[in-house]
Structures are given as C-alpha cells and as structure tokens.
2 protein chains.
Amino acid sequence: MTDSLPVTDRSRLRRSHERGDFDRAAINAILDAQPMCSVGYVIDGKPYVTPTLQWREGNHVYWHGSSASRALRNQKGVEVCVTVAILDGFVLARSGMHHSVNSRSVMLFGKAFKVEDPQEKLEKLGRFVNGLFPGRYEMLRPDHDQDLKATTVLGLEIAEGAAKVRSGPPKDEEPDYALPIWAGELPVRMVIGEPVPDPRNLDGVSEPDHLRAFRFG
Amino acid sequence: MTDSLPVTDRSRLRRSHERGDFDRAAINAILDAQPMCSVGYVIDGKPYVTPTLQWREGNHVYWHGSSASRALRNQKGVEVCVTVAILDGFVLARSGMHHSVNSRSVMLFGKAFKVEDPQEKLEKLGRFVNGLFPGRYEMLRPDHDQDLKATTVLGLEIAEGAAKVRSGPPKDEEPDYALPIWAGELPVRMVIGEPVPDPRNLDGVSEPDHLRAFRFG
C-alpha cells in the first residue's frame with residue numbers, strides 16, 4: 001500500500017515545478033473543493049500540524065483563529081506548509097503492495113503573513129463565510145471591533161507547492177491480473193446531512209437557501 | 001469563525017494533559033474512526049505536512065510509504081506531529097465570530113521509529129489492510145521480499161498529545177439570540193459509494209464481503 005497519498009518534499013516539488021506540475025488550475029480546484037486543511041509550522045525546531053479551514057482569494061490562501069492562539073502567533077512571518085487532502089476512494093489491488101487511495105491533494109509552502117488592516121481583515125472574513133454559504137455574511141449581526149481584534153487572519157501566497165491527483169483502478173503487476181481476486185475502487189465522498197436548527201432559533205425564522213446549496217467539490 | 005478547529009500547542013497540551021484531557025479512550029476512538037492523517041516533520045528547519053493513512057495497534061500509530069521517499073527518511077528518529085481531523089459539521093451562528101465547525105481531532109507528538117524487522121513489518125502491513133477490510137490480506141498475492149524492501153513502516157508511541165471534540169449548536173452571545181437569523185448545524189459525513197470493479201477482474205470473481213462492510217467511524 002505504498003504511494004497511498006502523495007509523499008512530497010521540496011526538492012521533488014522544485015523539480016515538479018520545472019516539469020510543469022505546478023498546475024495552478026489543479027491547485028485552485030482542490031483548494032476550492034475542500035475547506036479543511038492542515039497547517040504545518042515549527043516551534044523550537046519541532047513540527048506542529050493544526051487542522052483548520054482555509055479559503056482562497058485569487059493568488060492567496062487564508063486561514064484564521066483566535067488572536068490569543070500561540071499557534072497562530074508562531075505561524076506569522078515564518079515558513080508554513082498548508083496541505084489540503086481529499087480522499088476520493090480506496091484502491092483495492094491484487095497484492096497489498098499495490099493497494100492505494102484515489103485522492104487529490106495540494107501542498108503549499110512559503111512564509112505566512114498576517115492581515116493587519118482591520119478593513120481588509122473584515123472583508124476577508126466576510127468572503128470566508130460567503131465562500132461557504134453565499135450571502136450569509138450580510139444576514140449576520142455585523143462584527144464588533146472586539147470580534148475583529150480577537151481574530152487573527154493569516155495568508156500565504158500560492159507560489160511554491162504542488163498538486164497531486166490519483167484516480168482510476170489499481171495498477172497491479174502483470175502476472176497478478178491472472179489471480180482470482182476482486183480488485184477495484186471503493187469510492188469515498190463527503191456529504192452534508194439534514195440541517196439541524198438551533199433550538200433557540202426564533203419562531204418563524206426561515207431556513208436560508210445557502211444551507212442546502214452547500215456542496216464539497 | 002474563530003476556534004473553528006483545535007488550535008493547540010505543546011505548552012497547552014502539557015497543561016491539558018495535567019487536566020486529564022489526554023484521554024486515551026477519546027484519542028483511540030478518533031484514530032480508529034478515520035485512517036486519513038497528516039504527518040508533520042521538519043527538514044532544514046522548515047515544516048512539511050504529508051497526508052497519508054494511519055492505523056493503530058494498541059499503544060502505537062503506524063504509517064507507511066515508499067522506502068525511496070525522502071519524506072519518510074526524514075521522519076525516522078525525529079520529532080513528528082501526527083494529526084487526524086474529522087469534520088462533523090458546520091456550525092452556523094448569528095455572528096461571523098461564532099461560526100465554527102463540529103469536529104473530532106487528535107494531535108500526537110513524539111519521535112517516529114522505523115519498523116526494521118521484516119516479519120514485524122509484514123505483520124503490520126497485514127494488519128493495516130485487514131484493519132480497513134477484514135480478511136482481505138489473506139486473499140491477496142503474498143508480499144514479495146522486494147515489496148517489503150520497497151516499503152517503509154514508521155511508528156509513533158501514543159504518549160504525548162491531545163484529543164479535541166466539538167459538537168452541538170452554536171454558542172452565540174446572549175443578546176444575539178433575539179435576532180431573526182437562522183442558526184444551527186449542517187452535519188457533514190464521509191460515506192462510501194458503490195464499489196467499482198477493475199475492468200480486468202477475472203470472470204466470476206465475486207465481490208468480497210469486506211467491501212460493503214466498510215464504514216467511517
């Protein structure tokens with residue numbers, strides 16, 4: 001079950017980049033398909049990986065968190081690695097070795113920056129909410145100054161990294177195709193369920209359209 | 001939308017640990033529910049995050065990859081961070097600030113070790129396949145020595161880390177509950193689809209039971 005998900009390092013990425021694998025359309029499509037991401041960073045020489053949500057605006061990805069978070073403070077201005085990985089299915093082969101997964105993933109590298117300007121931060125947070133649920137931000141109680149101070153938004157330019165995609169059936173060794181073993185794909189996908197209204201919703205508040213329109217890419 | 005997913009650092013973990021948040025039952029349940037993970041590591045002071053699959057055996061998590069992978073070579077014997085994050089739903093509040101996600105996540109820290117003994121490695125890979133698809137490993141073409149040499153298995157003792165779980169409705173500020181805004185949860189889950197047989201399956205090969213029995217936890 002090797003090569004299950006992309007195993008990548010910077011030297012390979014640089015070479016990939018030269019080979020044209022730094023495919024911005026592919027990278028954008030994966031970032032836009034799945035908000036869940038992992039942000040890797042280093043404190044005192046040790047690695048940390050924080051799961052969070054990312055959103056893309058043009059040439060940048062953004063993520064956010066509490067301004068009190070030591071994690072976010074330790075990501076600002078330093079090298080980070082932002083990874084999005086989407087599991088599309090298990091690939092069942094005729095040997096353990098050739099089991100794999102179908103997946104789409106992106107790894108991005110670079111120095112994270114903090115969005116300092118309050119107005120810009122507000123706009124970014126609005127786009128984050130509306131990117132998931134179009135039109136929702138305008139329906140909400142507007143952000144207080146205090147909310148904005150309590151929130152840190154970090155960004156990364158999409159400049160170094162790679163996308164990797166695997167799809168399709170297993171690739172077995174030629175003699176193994178003669179074996180009477182079921183092989184194939186078991187597709188996986190993320191779906192949304194029925195919305196659960198907050199018990200404290202006011203009577204007569206109607207369900208917004210953006211709720212049932214949500215889809216993972 | 002702060003505190004969307006756990007933002008954790010080692011100092012908090014140590015304190016959490018002391019508070020008893022190092023809950024092995026919760027950690028095990030999350031690791032066992034979702035094989036997808038992110039492995040964070042450091043090369044030349046820079047962070048890398050590689051998505052891969054993990055499996056647990058008792059007090060350890062394991063992952064694997066190609067022996068030729070620079071990533072895996074750079075994880076052996078050094079500090080890594082293994083994170084599993086499961087998105088259970090979006091939490092839609094009455095202000096942008098209190099939007100969140102329901103999720104279960106685990107962060108584990110420690111030095112990764114390589115499983116050197118070939119027999120032990122073989123057993124681990126067998127358990128990995130059977131952990132996902134019970135009984136499958138015994139149906140497969142047995143691993144060649146060459147397969148085993150080409151595969152590196154790394155492990156990490158479950159000793160330092162934390163689990164974090166959020167569930168339930170949004171937590172809005174008290175005055176905001178008077179606003180006529182729909183709030184609630186939009187559940188998310190990972191599901192399997194219809195198996196896709198390899199076009200090269202032999203005639204009459206039957207679909208194994210382990211295929212449709214698979215579930216994410």
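Two strands are said to pair if DSSP finds at least two bridges between them, and helices (H or I, at least four residues) and strands (E, at least two) are themselves DSSP runs, numbered from the N terminus. The structure described here is a predicted model, in which local features need pLDDT of at least 70 and side-chain atom pairs count only at pLDDT 80 or more, while totals for chains, interfaces and linings use all residues. Residues are numbered from 1 along each chain as its sequence is written, chains are lettered from A in the order in which they are written, and side-chain values use heavy atoms, with hydrogens and water left out.

Helix α2 of chain A, residues 24-33, has as its buried residues Ile27(A), Asn28(A), Ile30(A), Leu31(A) and Ala33(A), and what covers them includes β3, β4, β5, β6 and β9 of chain A. At the start of this helix, a side-chain oxygen of Asp23(A) reaches to within 3.0 Å of the backbone nitrogen of Ala25(A).

Turning to the two chains together, 102 residues of chain B are in contact with 102 residues of chain A, contact meaning heavy atoms within 4.5 Å. The area buried between them is about 8,800 Å², of which carbon and sulfur atoms give 66%; this is the accessible area (1.4 Å probe) that two parts lose on being put together, summed over both. In chain B, the residues that lose the most area to chain A are Pro47(B), Arg141(B) and Trp182(B), together 9% of what that side buries.

Arg141(B) also forms a salt bridge with Glu173(A), the closest N and O atoms being 3.2 Å apart, and the interface holds eight salt bridges by the rule, which asks for a side-chain nitrogen of Lys or Arg within 4 Å of a carboxyl oxygen of Asp or Glu. Strand β10 (residues 184-192) of chain B gives the most to the side touching chain A, with nine residues. Strand β10 of chain A, in turn, is joined by two bridges to the antiparallel strand β11 (residues 196-197) of chain B, where Glu185(A) stands opposite Val196(B).

How values were computed:
Buried means under 20% relative accessible area, exposed over 50%, partly exposed in between (1.4 Å probe, protein chains only). A polar contact is a pair of N or O atoms within 3.5 Å; within protein, one must be able to donate a hydrogen and the other to accept it, and residues adjacent in sequence count only if both atoms are side-chain atoms.
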